[in-house]
Amino acid sequence: MNVGDQVVFLDDEPELDLAEGTPATVTTFHEPDYIEFQLADGRVFTTLESSLGLRTASVRES
């Protein structure tokens, strides 16, 4: 993962209004394995790298 990568949040944190699959952008790395990410609404969170997955384009061609 790199700064600027499009990712999805892999956990479900209802108290933060942060659902599994929420898209985000990696903004900063913190040692040892924490990553800061920003949601489309501007909120910023820090989590373990294992809680984020790279977002892949799943476009169907007809």
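Analyst: Five strands form an open sheet in the order 4-3-2-1-5, with antiparallel pairing. The model is predicted, so local features need pLDDT of at least 70 and side-chain atom pairs count only at pLDDT 80 or more, while totals for chains, interfaces and linings use all residues. Residues are numbered from 1 along each chain as its sequence is written, and side-chain values use heavy atoms, with hydrogens and water left out.

User: What makes strand 4 and strand 5 edges of the sheet?

Analyst: Strand 4 (44–48) and strand 5 (52–54) each have a single partner strand, so one side of each has no neighbour in the sheet. On average, neighbouring strands of this sheet are turned by 45° against each other, direction ignored. The axes behind such angles are lines fitted to C-alpha atoms, for helices over the stretch in contact, and angles run from 0 to 180 degrees between N-to-C directions.

User: What counts as a strand here?

Analyst: Strands (E, at least two residues) and helices (H or I, at least four) are DSSP runs, numbered from the N terminus. By that rule the protein chain has zero helices and five strands, and its pattern along the sequence is β-β-β-β-β.

User: How do you know that strand 1 and strand 5 pair?

Analyst: Two strands pair if DSSP finds at least two bridges between them. Strand 1 and strand 5 run antiparallel and are joined by three bridges, so they meet the definition. V8 has G53 in strand 5 as its bridge partner.

User: How many bridges join strand 3 to strand 4?

Analyst: Five bridges join these antiparallel strands, and Y34 has L48 in strand 4 as its bridge partner. The hairpin of strand 3 and strand 4 has four residues between the strands, and G42 there takes a positive phi near 95°.

User: Why is the pair of F9 and F37 called stacked?

Analyst: The structure holds two aromatic pairs. For F9 and F37, the ring centres are 5.7 Å apart and the planes are at 25°, so the pair is stacked. Rings of Phe, Tyr and Trp (its six-membered ring) pair if their centres lie within 6.5 Å; planes under 30 degrees apart count as stacked, over 60 as edge-to-face and the rest as tilted. F9 lies in strand 1 and F37 in strand 3, so the pair ties together parts that are 28 residues apart in sequence. Ring pairs link F9, F37 and F45 into a cluster.

User: Are F9 and F37 buried or exposed, and how do you know?

Analyst: Buried means under 20% relative accessible area, exposed over 50%, and partly exposed in between (1.4 Å probe, protein chains only). F9 has 3%, so F9 is buried. F37 has 0%, so F37 is buried too. Of the 62 residues of the protein chain, 24% count as buried.

User: Why does D17 count as exposed?

Analyst: D17 has 62% relative accessibility, which is over 50%, so D17 counts as exposed. D17 lies in the loop between strand 1 (6–9) and strand 2. D17 also has a positive phi of about 55° although it is not a glycine.

User: Which peptide bond is cis, and where does P32 lie?

Analyst: The bond from E31 to P32 is cis, with omega near -5°. P32 lies in the loop between strand 2 (23–30) and strand 3 (34–39).
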